[in-house]
Amino acid sequence: MSMSHNQMAYAAIVSTLIFGSLFVGTTGFFQTSEGAGDYDSAVDDDLIGSGTDPTASTDSDNDGLPDRLEAQFGTDPNDEDTDKDGMLDGWEVQNGLNPLDNGESDDSENDPTDANSEDAEIQEETDSWPDPDDGPSGDPDRDGLINSVEQALGTDPMRADTDNDGLNDKWESQYSYEEITPAGNVTLFDPLSGNWGCLLLDAGTIQIMRDHFDGNDGRPEWDSLANPSGQHSCDMVLDTDSDGLANIEEEEYGTNPTLKDSDGDLLDDIV
Ligand SMILES: [Ca+2]
Ligand SMILES: [Ca+2]
Ligand SMILES: [Ca+2]
Ligand SMILES: [Ca+2]
């Protein structure tokens, strides 16, 4: 059985999702919000760029995907957004999305009403196109942020916790704010930064939060929340609104880490 153009392109994409995954997972230590404490190994380091010919890096449409790779992916080297879904070809490839799939079955090749054609039947059996997860409204990492918003925020559409601080991308992005202190300013709940070892973690605060976590109640041990450098994430371990729940616990409950009484019932969240 010979493969259609689309199927070949799809096979190329699937095989190179591994390539995309190399861009992913090199930014931090915590894999998912459930996996706080697990570490990513760095075995994938240094695989990108080996043997790259600098003269072969022409990117005619400036979409982040060099022309020689556009040929491999079947994308248009002169169109920054081949599938017209609002997400750039290069961003889609780097983030493991299919740059040829806008998630909608509106082109003739993937039209389900065209069921009489042999191509359509074959496609139905062997192809997973269109995949809503690959479109601008898809949410393949199930973090509550659709892909177009992940692109705008700069977060990873394939990881629910882009900065590996144990906190969900959407939850963080809802509560981002700048804390102003005499010693400097800190942007808390930035989904792109875990604020590891930030200046808000002074000795007194560390002692209070160590006691909080090590005081059982099913909470993880303070030391287990550190990254390999022994630093803690301010976003994760602080109790920003001083309501007795650490931020990571507020994330678990889906409550507001900047308000003692998230639901306005006049009772603090910890009650
Ligand atoms: Ca696109
Ligand atoms: Ca998402
Ligand atoms: Ca995400
Ligand atoms: Ca996070």
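Here is a quick walk through the fold of this chain, from its overall make-up down to a few residues.

First, some housekeeping: this is a predicted model, where local features need pLDDT of at least 70, side-chain atom pairs count only at pLDDT 80 or more, and totals for chains, interfaces and linings use all residues. Residues are numbered from 1 along each chain as its sequence is written, while chains are lettered from A and ligands numbered from 1 in the order in which they are written.

The chain has 9 helices and 2 strands. Both kinds of element are DSSP runs numbered from the N terminus, with helices being H or I of at least four residues and strands being E of at least two. Reading from the N terminus, you go through α-α-α-α-α-α-β-β-α-α-α. Of the 271 residues, 34% are buried, where buried means 20 or more other C-beta atoms within 10 Å of the residue's own, exposed means 12 or fewer, partly exposed is in between, and C-beta atoms are placed from the backbone. Take the contacts between residues at least 6 apart in sequence: 51% of them link residues at least 24 apart. A contact here is a pair of C-beta atoms, placed from the backbone, within 7 Å.

| Element | Residues |
|---|---|
| Helix α3 | residues 89-94 |
| Strand β1 | residues 177-181 |
| Helix α7 | residues 203-214 |

The two strands run antiparallel and are joined by 5 bridges; strands pair if DSSP finds at least two bridges between them.

Now for the largest nonpolar core, which has 14 residues. Such a core is a set of buried Ala, Val, Leu, Ile, Met, Phe, Trp, Tyr and Cys residues joined through C-beta atoms within 7 Å. C234, M236, V237, A246 and I248 touch the most other members. β2 and α8 are the elements that give two or more residues to this core, with α8 providing the largest share, 3 residues. Leaving aside residues up to four places away in sequence, M236 touches D165, G166, L167, G194, L225, N247 and I248.

Over in helix α3 sits V93. V93 counts as buried because 25 other C-beta atoms lie within 10 Å. L65 is 28 residues from V93 in sequence, yet their C-alpha atoms are 7.9 Å apart.

Finally, helix α7 has 12 residues and spans 16 Å from first C-alpha to last, close to the 16 Å expected at 1.5 Å a residue; that expected span is 1.5 Å times one less than the number of residues. Just after α7, N216 has a positive phi of about 50 degrees.

How values were computed: Two residues are in contact if their C-beta atoms, placed from the backbone, lie within 7 Å.
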